[in-house]
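This briefing is meant to be read alongside the sequence and the coordinates. It takes up the contact between the chains, then the annotated regions, then two individual residues.

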Amino acid sequence: MPALPIPFLTHGRRLTAAAGVLALAACDGPQSTLTPAGVGAERIADLWWWMFGGAVVIWVVVIGLAVYATRFGTGRHDVRRARLLIIGAGAVFPTVVLTALLIWGLRLMPVLRPPTGDAAVRVEVEGLRWWWRVTYVTPDGRRIPLANEIRLPVGQMAAFTLTSPDVIHSFWIPSLGGKMDMIPGRVTELALEPTRTGVFRGACAEYCGTSHALMQFGVEVLEPAAFDDWLATQAAPAEAPASPEAARGRELFLAFGCGACHAVRGTPADGTIGPDLTHVGGRLTLGAGILPNDPAAFARWIGDTHEVKPDAEMPPFGMLPAADLRALALYLDGLT
Amino acid sequence: MADPQRLDLPHDARDPPPRARDSLWILPLAPTVWALHFLASYVTGAVWCAKVAGYGGPLGDARVLVGIYTAVALAIIALVGMAGWRRHSYGDATAPHDFATAADRHRFLGFATVLLAALSFVATLLVALPAVFTGSCR
């Protein structure tokens, strides 16, 4: 799109304006607290906008006073009035504002942490360096394992049970609500209620080591019927390979011992150290939110694991012939 | 020592304050009460939720206890503040009380005590606020 002419601005000011527009554009997107898609996120965004507005007003007043004091009111001022300003604006006003904000935050807490007894969806999430073990627990007690992905029905409350076996992580889907730490030796809870459908992104919000910034996950909010269909698919065993090359990929997967760490339900692979791969080809992303989900990304992940995610537990298999990597990638990509 | 002949000193520089040697102990008294109130409130809440109500249970009587702690703490802090005010108001000099005289040291100690008591008063109220708005251990 051609740039709109802004004749009254100098070159430098145009750049500043462009930077401002870009900065504001960054507030939108799948991982923004400012475009909420959940009950909790909406309340948090309300608070943020009030704080932002208040901060702008205070900033303008302070700068205005500074300009007045240095440009216009340089003479002597009445001591009593000056003292009143310092005590009133410097001590009383901040105390009142901070108390009001504290009360607002305290009243918000029950909304962000509602009782989860009647939650429609129950999900257990374990944060590990640097991926997410996800287990959906159905009302009849079935446990459906998957990884690095959360899908939720719109308009229904989802209750998350959060744990960690290694270090402190923090589970955060900014578009849907607040974050919650995952602490070794403790179980924490989080409730999220999406208000609109869409694809979002979650992230680990507590530094947890080398690849902390690469510990993300895809989130999709679906209509309830579509969610039920998706969960039924996730509960089913893996589909058979659709092509001879994919079938060879499955043989290689089992022969190279991938099943020692990964499970593909419906095959002898039943490892639990790494992510469950039964439906990995149908996920939103690969490698915990960092790669697109296609055969080329699979081959890259298997061959250059540590270039993609430094210090990941999985050993790289870059020594494999290109044809084997391709077959493995095709097999995994077909596990939808 | 102040020179009693200097004209720029307040006139009461020649009059020693009630106590020639002031104690500093009044200064940290109010923040100490604030700290003890904080500790007592959160220890009470933690023990109540861990041993009595359980996870998700009501805060119940723990809120009453925090209320009692708060009333006692605020009363002590107010008394300390009033004692500070008396020292600050000694004679007819005004803040900032920065002459090197026994009387100004007395007033300065009082003024600093008043400021710390005011800070501690507000802080103690803020520590107690969660007990007002939080009804459960969740």
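**Briefing on the two-chain model**

Chain A and chain B bury about 930 Å² between them, and 63% of that area lies on carbon and sulfur atoms. On the side of chain A, the residues that lose the most area to chain B are L102(A), L106(A) and R113(A), which together account for 43% of what that side buries. The model is a predicted one, and the values below should be read with that in mind.

**Interface between chain A and chain B**

- In terms of contacts, 10 residues of chain A meet seven residues of chain B.
- Helix α3 of chain A, residues 79–112, gives the most to the side of chain A that touches chain B, contributing six residues.
- Sorted by class, that side of chain A is made up of five nonpolar, two polar and three charged residues.

**Annotated regions**

- In chain B, an unreviewed UniProt entry carries the annotation "transmembrane region" for residues 25–50, 62–85 and 108–133.
- Residues 62–85 of chain B are 100% helix and 0% strand in the model, with end C-alpha atoms that lie 34 Å apart.
- Residues 108–133 of chain B are also 100% helix and 0% strand, and here the end C-alpha atoms are 39 Å apart.
- In chain A, UniProt (unreviewed entry) places the feature "domain: Cytochrome oxidase subunit II copper A binding" at residues 118–233, a span that is modelled as 9% helix and 49% strand, with its end C-alpha atoms 24 Å apart.

**P174(A)**

- P174(A) sits in the loop between β6 (169–172) and β7 (180–182) of chain A, and it counts as buried because its relative accessibility is 2%, under the 20% cut-off.
- Leaving aside residues up to four places away in sequence, P174(A) touches Q31(A), S32(A), T33(A), A41(A) and R201(A).
- Although P174(A) and T35(A) are 139 residues apart in sequence, their C-alpha atoms are 9.0 Å apart in space.

**H279(A)**

- H279(A) is placed in the loop between α5 (244–255) and α6 (295–303) of chain A, and with a relative accessibility of 2% H279(A) counts as buried.
- Again not counting residues up to four places away in sequence, H279(A) touches T233(A), Q234(A), A236(A), P237(A), R265(A), L335(A) and T336(A).

Note on methods: Residues are numbered from 1 along each chain as its sequence is written. Chains are lettered from A and ligands numbered from 1 in the order in which they are written. This is a predicted model: local features need pLDDT of at least 70, side-chain atom pairs count only at pLDDT 80 or more; totals for chains, interfaces and linings use all residues. Side-chain values use heavy atoms; hydrogens and water are left out. Contact means heavy atoms within 4.5 Å. Buried area is the accessible area (1.4 Å probe) that two parts lose on being put together, summed over both. Helices (H or I, at least four residues) and strands (E, at least two) are DSSP runs, numbered from the N terminus. Ala, Val, Leu, Ile, Met, Phe, Trp, Tyr, Cys and Pro count as nonpolar, Asp, Glu, Lys and Arg as charged, and the others, Gly among them, as polar. UniProt positions are given in the numbering used here, feature names are shortened, and annotations may be inferred rather than shown by experiment. Buried means under 20% relative accessible area, exposed over 50%, partly exposed in between (1.4 Å probe, protein chains only).
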